[in-house]
Amino acid sequence: MQKYRNSKVARLISLTTCCLFTLLNQCGKKDTKAGSETTTIQVKGSDTMVNVAQAWAEEYSVVDKNVEVEVSGGGSGVGIAALVKGTIDIANASRNIKSDEATIAKKNTGKEPKEFIVGYDALAVYVHKDNPLNEISLDQLKQIYAEDGSVSRWSDLGITIPGTSSNEIVRISRQSSSGTYEFFREHVLGNKDFKLGSRDMNGSKEVVELVGATKTAIGYSGMGYATENVKMLNIKTDHGAFAPTVENAQTKVYPLARSLLLYTLGEPEGAVKKYIDWIMSAQGQEIEKENGYVPLSEVASAN
Amino acid sequence: MSSNLTESTLTLPDAIPKRVKRVGRPRWAIIGEQALELLIRISGISAIVFVLAIFFFVFKEALPVLYSHNFSIKEFLFSTQWYPTSVSNVRYGTFALLVGSVTVTLLSMAIAVPFGLGAAIYISEFCGPRQKETLKIIIELLAAIPSVVWGFIGLTVISKLITTITGTAVGVNLLNGSIILALMSVPIIVSIGEDALKAVPDSFREAGMAMGTTRWQLILRVLLPAAKNGLLAAVLLGVGRAVGETMAVLMATGHSVKIPHGVFDSVRTLTANIAAELGEAAAGSPHYRVLFLTGILLFVITFIVNLTADFVIRGIKRK
């Protein structure tokens, strides 16, 4: 008898909890309807762009309260790999998508990746602020970084660095998942391989930090990451030496200027399309400029 | 008692089964117990299943590359050329990474073993009960610091210390990684080493003191030999932690493919290399498979470490 009653009580309790949960659920549903649904846009990729991508996401949460943009870095390769698998909405990239990556995307998801140029960046070559060197040519950079390059000491460039007895050039590079790494390999090394033994950093910021802490170092990173401990070198070309500046990047006289790209799977729709349109608008481009990148020239001139 | 029982069985043969049913445990209890037993058995066996499943998965992902025409196992093991994403000439040589892993581990153990065992001896034999409690709590706290925080300390604090003290150019190097790994494995060595010393019966200590030994003689001649097995286990667990650690060494060693010529050279370890590159390697590509093969290489290394430890301990036991 006792047992029977117990089970009845248990059943009653479970029934009420069931009802309660359903009620709560209903309430929850009503709530989201009242505030209209929030959409989440997943963005991943380039470490060069992660600062500006986060700034965009933050600002956009004010513009459209119903859209939440989640940004993560990892490198252009990581972003494109995730896009190809179909796990994110937008991939940030500081290099173009490769044809085999596009084929895999088509195979996996049935959609072609679509490219948007959202701005430009000048890839700056950094040295320590005490380094007397002011300009460098692409060929010298190649001799320093490429596999069979001949330059390994600062004296090879006719430079002595004050305050240190060391003469060896400490090469600072990026991990191979980075779009910056691939851009540098393509445009400076002519697709040759890097000399082994460079310190390969995880992010754009780490490169600049290590250069700032090391008197004999040289490194490359986006120009938005400059600090007071480092110096950006002018790049020597046939037409003169050019500093990595907004104007020089827009006019493309600076030889290491590159496009900042967004990729989506197929034509973007709904919230994603609105977000990308907003990035291309005057407001989005202004944020890009504030973060040390180069906005699209037509928008900048319209301002 | 027994005579009573036999009497009842004799007089009431039919009543017995009924009684057993009513007085004995209810059916749900028996089923529940059996279910619980099954559950425990499954969790016991699950460890084996998981290990086998991991082995199977890693091998399955790695094996196809062994048959591909542009891969040679000789290059993989003995070449220092690691160019997995090269445009013109892809090379997968992990020798420099292997040397990186081994040197970082050895140097970190050279730092951690004296400190760890020293601390274990101090805590177990020299300090008073109150100090012992405080020290143990703090050392356990040391073990609870996440590895990425250690890496952060290596990148900022220790790197700066190394450059200012030694005047070397770059602070993220072999020495830095080893110091961080040593700091991470010391807590393990201390707590397991201390347990091993505590397990030595007090009668050993009493006998030693009765013979008129000094404290040092007692530790060196009596306690350390008696606790040898446990202390070795402590050191080997420390080695295991050092070989397998990823995030901290990724941040502190400088991540540079190079055979080190001194403690101030940067290195890259097998684990850090997998962590840094697996994210971008397209699933199924040769680069992806070679990274899994490096995983197998790590498996083999830890397997050899464990096996030698086993043999050494057995050898000691036989003596």
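Two residues are taken to be in contact if their C-beta atoms, placed from the backbone, lie within 7 Å. The model described here is predicted. The briefing turns to a sheet and a helix in chain A, then to a helix pair in chain B.

**Sheet of chain A**

- An open sheet of chain A is built from 3 strands in the order β5-β10-β11, with mixed pairing.
- The edges of this sheet are held by β5 (135-137) and β11 (240-242) of chain A; each has a single partner strand, so one side of each is left without a neighbour in the sheet.
- From one strand to the next, the twist averages 35 degrees.
- Over 3 bridges, strand β10 (residues 234-237) of chain A pairs with β11(A) in the antiparallel sense.
- Opposite A:Lys236 stands A:Ala241, in β11(A).

**Helix across the sheet**

- Helix α5 (residues 138-145) of chain A lies across β5 and β10 of chain A.
- The direction of α5(A) is at about 80 degrees to β5(A).

**Helix pair of chain B**

- In chain B, the axes of helix α7 (residues 147-166) and helix α8 (residues 174-198) come within 9 Å and cross at roughly 135 degrees.
- The two helices, α7(B) and α8(B), are therefore oblique to each other.
- The crossing in which α7(B) passes α8(B) is right-handed.
- Residues of α7(B) that meet α8(B) include B:Trp150, B:Ile158 and B:Ile162, while B:Ile179, B:Leu183 and B:Met184 are among those on the α8(B) side.
- By class, this contact of α7(B) with α8(B) has 8 nonpolar, 5 polar and no charged residues.

Definitions and conventions. Residues numbered from 1 in each chain as written. Chains lettered and ligands numbered in written order. Predicted model: local features only at pLDDT ≥ 70, side-chain atom pairs only at ≥ 80, totals over all residues. Pairing = 2+ DSSP bridges. Helix = DSSP H or I, 4+ residues; strand = E, 2+ residues; numbered from the N terminus. Axes fitted to C-alpha atoms, helices over the stretch in contact; angles between N-to-C directions. Parallel < 35°, antiparallel > 145°, perpendicular 65-115°, else oblique. Left-handed = near helix turned anticlockwise from the far one by under 90°. Nonpolar A, V, L, I, M, F, W, Y, C, P; charged D, E, K, R; others polar.
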